[in-house]
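Here are my notes on this model. Please read them with the coordinates open.

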Amino acid sequence: MKADEMEKALREEFPGALFAVDESGRNGVRYSVLIALSGMRKAAQILNAAGFFLETITALDFSDTFELVYHFNCYEPKSRIALRALCGKDQTPSSLVDTFRGAGWLEREVHDFFGISFSGNPDMRSLLLPEDADYHPLLKSFGKSGDSHKREDIYGK
Amino acid sequence: MENEQFGPPAAEQIYTLNLGPQHPSTHGVLRILLDLDGEFIVKADPIIGYGHRGHEKMGENRLYRQFLPNTSRMDYLSGMLYNHGFVLAVEKLAGIDVPERARYIRVIASELNRISSHLLWFGTYLLDLGGFTPFLYAFDDREQILDILDRVSGSRLTYAYCRFGGVTRDVDAGFVDMTRAFLKRMEGRWADYENLVTKNIIFIKRTKDIGVIDRELARQYGVTGPNLRACGVRFDVRKAEPYEIYDRFDFEVPVCFNGDALDRYKVRFLEMLQSCRIIDQALDHLPQGPFQTEKIPLKIKPPKGEVYFPFESARGLTAYYLVSDGGTNPYRCHIRVPSFGNLNVINDVLPDTLIADAISILGSMDVIIPEIDR
């Protein structure tokens with residue numbers, strides 16, 4: 001299975017990464033890998049070479065940090081891989097648009113909702129919000145929202 | 001040729017045409033800025049977001065249960081499928097059991113909705129291509145489905161029929177009879193459609209070899225659903241990651257190999273037949289028993305953690321990504337929508353095609369803009 005080969009390749013490339021393995025894929029994701037933000041491009045290139053496609057990019061807003069979550073899949077049963085990376089509030093992750101052409105729009109959406117800019121994406125206009133929008137609605141500080149948590153409150157240390 | 005009267009054939013001869021936002025063939029509020037060289041498209045830039053309502057934010061600041069009516073308003077043509085998917089995601093997150101009868105009812109309702117969504121696409125696509133009659137036929141058939149779903153759920157388009165642990169109300173013999181009658185009716189209709197449309201030479205000329213997407217392009221943009229299966233990839237979430245009880249039914253995943261507008265049409269057409277097969281089997285095996293789990297609290301508090309729940313909506317791989325902090329509403333509610341990739345890919349497909357073909361290509365992609373805008 002491609003997903004298992006990818007696990008091996010990612011473990012080799014990122015020896016310090018935190019792996020969560022769910023062979024049954026019960027929660028929708030077979031391998032969830034927490035890597036450093038700077039390794040995301042390399043990891044995406046590995047998955048691209050193996051024929052994975054990028055399903056979605058999203059972010060989680062915690063009080064201490066952002067977390068970027070990239071879901072990849074290939075056309076085999078239960079092969080979803082989630083790459084996750086902590087992204088400080090003022091950090092600028094690099095874009096995947098030269099690896100996956102569809103990433104451009106997904107990054108624009110994340111920028112709309114969270115205000116995270118992606119360096120290397122040639123088109124960072126707003127996608128879903130008005131072009132003059134100066135707010136980022138999915139931040140926990142925007143509008144009516146629940147409590148903002150630290151990351152460890154939900155995922156542990 | 002350079003000519004003093006007309007000036008040089010330079011960049012200024014490229015002109016920009018605004019297609020939409022309220023154009024009859026853009027299927028939702030979509031605006032496309034087309035750079036044209038004569039009748040050929042040089043660059044296409046879809047401008048979206050007119051229908052952004054903030055569903056993800058709404059998901060975060062209300063109870064899980066209060067989000068149910070939102071689910072069917074993203075893709076309003078396959079609302080039941082979105083409703084179904086959200087309920088499954090929360091059930092998985094919170095560990096809620098569902099009685100067998102409810103599972104069968106949900107599958108029947110979902111597949112009926114898939115057919116009605118495809119029928120609407122079938123009718124409006126042919127309308128875009130200039131054929132008015134199939135539109136009336138398809139809407140007549142679709143009306144039967146809306147009546148059936150109206151009878152059980154009380155609404156015709158934006159359903160909130162599925163509930164955590166079951167469905168809102170049980171189906172009766174009348175529902176089963178109506179659904180059987182619909183399946184019987186459609187047997188004759190499929191043959192009519194095949195003869196009137198699929199074999200129609202004008203239709204074939206407008207769609208064959210138009211808007212070709214190959215496997216690699218589809219992968220680059222994350223295209224899923226019938227658009228992906230039209231380029232020869234047999235990938236359907238109902239088979240790849242069977243949810244609910246789809247692994248109990250005998251059905252096929254139709255694929256075609258050219259990736260053009262005609263193949264996208266064929267895949268959707270064959271899918272409707274497969275949905276009929278699923279409904280037929282589900283009706284045969286519909287068990288007796290309760291249709292709801294008793295004592296589901298109004299305020300569900302799933303344990304801390306997350307779930308990524310993929311399902312196959314009428315347009316492709318859709319997923320709810322829910323993160324729970326242990327409270328009564330989700331900490332994060334993200335929705336992966338298939339039309340996002342399916343529309344994004346036209347950035348690469350439209351250039352070098354004729355503007356008349358652009359309408360055909362756009363129709364054949366079957367994108368729903370409000371689900372992209374969310």
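1. Accessible areas here come from the Shrake-Rupley method with a 1.4 Å probe. On that basis chain B exposes about 13,900 Å². Carbon and sulfur atoms supply 52% of that area. Bear in mind that this is a predicted model.

2. Overall size. Chain B has 374 residues, and a compact globule of that length would have a radius of gyration near 21 Å. The value for chain B is 22 Å, so the two agree. Along the principal axes, the C-alpha atoms fill a box of roughly 85 × 50 × 35 Å.

3. Fold content. Chain B contains 15 helices and 8 strands. Take contacts between residues at least 6 apart in sequence: 71% of them join residues at least 24 apart.

4. Burial. Of the 374 residues in chain B, 62% count as buried.

5. Charges. Chain B carries 44 positive and 50 negative charges. Their mean positions lie 7 Å apart.

6. Aromatic pairs. How many are there over all chains? The count comes to 30, with ring centres within 6.5 Å as the criterion. One of the pairs is B:Tyr246 with B:Phe251, at 6.4 Å centre to centre. Their planes make an angle of 65 degrees, so the pair is edge-to-face, the class for angles over 60.

7. Aromatic cluster. Ring pairs also link a group of residues in chain B. Its members are B:Trp121, B:Phe122, B:Tyr125, B:Trp190, B:Tyr193, B:Phe203, B:Tyr265 and B:Phe269.

Conventions: Residues are numbered from 1 along each chain as its sequence is written. Chains are lettered from A and ligands numbered from 1 in the order in which they are written. This is a predicted model: local features need pLDDT of at least 70, side-chain atom pairs count only at pLDDT 80 or more; totals for chains, interfaces and linings use all residues. Side-chain values use heavy atoms; hydrogens and water are left out. Helices (H or I, at least four residues) and strands (E, at least two) are DSSP runs, numbered from the N terminus. The radius of gyration is taken over C-alpha atoms; the globule rule is 2.2 Å times the number of residues to the power 0.38. Buried means under 20% relative accessible area, exposed over 50%, partly exposed in between (1.4 Å probe, protein chains only). Contact means heavy atoms within 4.5 Å. Lys and Arg count as positive and Asp and Glu as negative; His and the chain ends are not counted. The place of a charge is taken as NZ of Lys, CZ of Arg, CG of Asp or CD of Glu. Rings of Phe, Tyr and Trp (its six-membered ring) pair if their centres lie within 6.5 Å; planes under 30 degrees apart count as stacked, over 60 as edge-to-face and the rest as tilted.
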